[in-house]
Amino acid sequence: MAIGVKVMRRPEREVSYVRATLKGMSMTFRHLFRKTVTMQYPEQKSTDEWSLSPRWRGTHRMMTDEQGRSRCVACGLCPQICPANCIKLVPGEDEEGNRYPLIYEIDEFRCVFCGYCQEVCPEEAIHVGTHYENSEYSRDRFVYDLERLSAQTHPVSTLWDPADPRGE
């Protein structure tokens with residue numbers, strides 16, 4: 001018993017290597033004659049043609065209240081939802097029954113900057129910021145503790161605006 005196989009022929013225009021090579025070369029030549037944009041980076045962070053998106057997700061920031069205390073209530077949702085398992089939280093409770101974090105650390109090397117911790121936080125305590133210049137001389141400086149997270153002053157990211165879902 002023979003099996004019938006239908007052979008489909010592709011149009012020659014779609015499989016022509018010469019055509020694909022010419023299209024690639026034309027794109028290269030178009031880019032050769034465009035005006036180049038050069039920024040003097042450390043002094044100039046953005047230009048009229050280029051600026052950082054407000055939805056950029058960079059290093060984390062812990063929000064504080066009027067007394068300078070962390071707004072975190074140590075609910076444990078952020079370490080639970082973190083896909084990279086980079087958040088370490090040890091909850092504590094004072095004599096009035098208020099919860100607070102004894103230890104709150106984020107390992108920025110393991111973090112994938114997904115923003116889930118910001119989305120799940122009921123107190124809006126932890127935010128991903130727009131800071132992207134994080135360089136250190138040792139690996140242990142990339143583990144941000146509660147004090148360092150609270151000392152961050154950079155603006156926070158607007159992860160998603162429901163009024164503008166496509167981000168335009």
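In which helix does arginine 148 lie? Select arginine 148 in this predicted model: the residue belongs to helix H5, which spans residues 146-151.

**Arginine 148 and its surroundings**

With arginine 148 selected, display tyrosine 144 as well. Arginine 148 is placed over the face of tyrosine 144, 4.0 Å from the ring centre. The relative accessible area of arginine 148 is 19%, and the residue is therefore buried, since the cut-off for that class is under 20%. Next, show Glu136 and Arg141, which are the residues in contact with arginine 148 once its neighbours within four places in sequence are left aside.

**Past the end of helix H5**

Move on to glutamine 152, in the segment after H5. Glutamine 152 has a relative accessibility of 14% and counts as buried. Which residues does glutamine 152 touch, not counting those up to four places away in sequence? They are His60, Arg61 and Tyr144.

**The nonpolar core**

Now select Met62, Cys86, Ile87, Tyr104, Ile106, Ile126 and Leu149. The largest nonpolar core has 18 residues, and these seven touch the most other members. Colour strand E2 (87-93) and strand E3 (99-107), each of which contributes at least two residues to this core. In soluble globular proteins, nonpolar side chains tend to be buried together.

Centre the view on isoleucine 126. Leaving aside neighbours within four places in sequence, isoleucine 126 is in contact with His60, Arg61, Met62, Tyr104, Ile106, Cys117, Gln118 and Cys121.

**Aromatic pairs**

How many aromatic pairs does a search of the whole structure find? The search finds two. To see one of them, select tryptophan 56 and tyrosine 132: the ring centres are 6.5 Å apart and the planes meet at 85 degrees, so this pair is edge-to-face. The pair joins distant parts of the chain, 76 residues apart. Tryptophan 56 is in the loop between helix H2 (17-32) and strand E1 (60-62), whereas tyrosine 132 is in the loop between strand E4 (126-128) and strand E5 (143-144). Both residues are classed as partly exposed, tryptophan 56 at 38% relative accessibility and tyrosine 132 at 29%.

**A lysine over a ring**

Select lysine 45 together with tyrosine 41. The charged end of lysine 45 is positioned over the ring of tyrosine 41, at 5.1 Å from the centre of that ring.

**The whole chain**

Finally, zoom out and switch to a cartoon view. The chain contains five helices and five strands, and its elements run α-α-β-α-β-β-α-β-β-α from the N terminus on. The radius of gyration is 25 Å, well over the 15 Å given by the globule rule for 168 residues, so the chain is more spread out than a compact globule. Along the principal axes, the C-alpha atoms fill a box of roughly 80 × 65 × 40 Å.

Of the 168 residues, 23% count as buried. The accessible surface comes to about 13,100 Å², and 53% of it belongs to carbon and sulfur atoms. Among contacts between residues at least 6 apart in sequence, 70% join residues at least 24 apart.

Terms used:
Residues numbered from 1 in each chain as written. Heavy atoms only, no water. Phe/Tyr/Trp six-rings, centres within 6.5 Å; stacked < 30°, edge-to-face > 60°. Helix = DSSP H or I, 4+ residues; strand = E, 2+ residues; numbered from the N terminus. Buried < 20%, exposed > 50% of the residue type's maximum accessible area, 1.4 Å probe, protein only. Lys NZ or Arg CZ within 6 Å of the ring centre and 35° of its normal. Contact = heavy atoms within 4.5 Å. Core = buried A, V, L, I, M, F, W, Y, C linked by side-chain atoms within 4.5 Å. Rg over C-alpha atoms; globule rule 2.2 N^0.38 Å. Areas by Shrake-Rupley, 256 points an atom, 1.4 Å probe, with all protein chains shown as cover.
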